[in-house]
Amino acid sequence: MEARLDPPSAAPEAYQAMVKLEGYLQQCGLEYSLIELVKTRASQINGCAFCLHMHTTDARAAGESELRLHLLAAWRESPLYSPRERAALAWTEALTLVADTGAPDRDYEAAKAQFSDRELVDLTLLIGAINTWNRLAIGFRLIHPTESAGSTTASHDH
């Protein structure tokens with residue numbers, strides 16, 4: 001595999017706008033563990049190896065359990081996720097697959113019951129941002145680090 005291009009070099013202003021949004025999302029008040037679960041779940045749905053590598057690594061470093069990461073794709077069948085996490089994951093799936101789901105009322109109502117209006121906007125921006133990062137990584141064939149190659153073709157901003 002070979003990367004098609006390096007987004008930060010090709011469009012530095014656009015890339016920095018995404019990095020700035022990411023900076024906001026990291027300090028907006030949503031729990032870091034929830035942020036990483038959302039990023040990982042969207043990246044699973046989209047099949048983004050680069051982002052899956054990044055966010056499972058970051059989640060583990062922050063104390064997330066291997067078991068919860070392994071079961072994330074089947075979160076609906078696992079008791080390991082809190083009601084707040086479950087609502088965020090349902091909203092993540094609904095918006096990541098929005099062309100198919102239409103963002104159903106049941107998922108919105110579940111999220112609304114767990115998140116304030118501001119948190120719901122922040123969560124929605126988080127979901128949109130990781131979907132954009134996934135599209136950059138997949139579209140430009142960014143390569144995740146391997147044991148034999150420790151560097152990536154794009155920075156570790158998201």
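Colleague: Which residues line the largest pocket?

Modeller: The model is a predicted one, and in it the lining of the largest pocket is made up of Met-1, Gly-47, Cys-48, Ala-49, Phe-50, Ala-137, Ile-138, Arg-141, Leu-142, Ile-143 and His-144. The space in this pocket is about 160 Å³, and the elements that contribute two or more residues to its lining are helix H4 (49-61) and H9.

Colleague: How do the residues of that lining divide into nonpolar, polar and charged?

Modeller: Eight of the lining residues are nonpolar, two are polar and one is charged. Arg counts as charged and Gly as polar, and both Arg-141 and Gly-47 belong to the lining.

Colleague: What is said about the phi of Arg-141, and where is Arg-141 found?

Modeller: Arg-141 has a phi near 55°, which is a positive value in a residue other than glycine, and its place is in the segment after H9. Most residues other than glycine have a negative phi. Because its relative accessibility of 34% falls between the limits of 20% and 50%, Arg-141 counts as partly exposed. A positive phi is also found at Ala-103, with a value near 50°, and Ala-103 sits in the loop between helix H7 (98-101) and helix H8 (105-114). Ala-103 is likewise partly exposed, at 22% relative accessibility.

Colleague: Why is the pair of Tyr-15 and Trp-133 called edge-to-face?

Modeller: A search of the whole structure finds two aromatic pairs. In the pair of Tyr-15 and Trp-133 the ring centres are 5.3 Å apart, within the 6.5 Å required, and the planes stand at 75°, over the 60 degrees that mark an edge-to-face arrangement, so that is the name the pair receives. Because Tyr-15 lies in helix H2 (residues 12-27) and Trp-133 in helix H9 (residues 117-139), the pair ties together parts that are 118 residues apart in sequence. Tyr-15 and Trp-133 are both buried.

Colleague: What makes the contact between Arg-84 and Glu-119 a salt bridge?

Modeller: The distance from N to O between the two side chains is 3.0 Å, which is within the limit of 4 Å, so the pair qualifies as a salt bridge. It links distant parts of the chain, with Arg-84 in helix H6 (residues 83-96) and Glu-119 in helix H9, 35 residues apart. Arg-84 is buried, with a relative accessible area of 15%, whereas Glu-119, at 22%, is partly exposed. Glu-31, Arg-84 and Glu-119 are linked in a network of salt bridges, and the structure holds 10 salt bridges.

Colleague: How do you know that Asp-122 forms a salt bridge with Arg-118, and are these residues buried or exposed?

Modeller: Their closest N and O atoms are 3.9 Å apart, and because the cut-off is 4 Å, the contact still meets the criterion. Asp-122 and Arg-118 are four residues apart in helix H9, so they are separated by about one helical turn. Asp-122 is buried, with a relative accessible area of 3%, while Arg-118 is exposed, because its 55% is over the limit of 50%.

Colleague: Why are Glu-64 and Arg-68 counted as buried?

Modeller: The relative accessibility of Glu-64 is 13%, and that of Arg-68 is 13% as well; since buried means under 20%, both are given that label. Their side chains meet in a salt bridge, at 2.6 Å from N to O.

Definitions and conventions:
Residues are numbered from 1 along each chain as its sequence is written. This is a predicted model: local features need pLDDT of at least 70, side-chain atom pairs count only at pLDDT 80 or more; totals for chains, interfaces and linings use all residues. Side-chain values use heavy atoms; hydrogens and water are left out. Rings of Phe, Tyr and Trp (its six-membered ring) pair if their centres lie within 6.5 Å; planes under 30 degrees apart count as stacked, over 60 as edge-to-face and the rest as tilted. Buried means under 20% relative accessible area, exposed over 50%, partly exposed in between (1.4 Å probe, protein chains only). On a 1 Å grid over the protein atoms alone, a cavity is a set of points where a 1.4 Å probe fits but cannot get out, and a pocket is an open set with protein on both sides within 12 Å along at least five of seven lines; lining residues have an atom within 4 Å of a point. Grid points are joined across faces, edges and corners, and a volume is the space filled by probe spheres set on the points.
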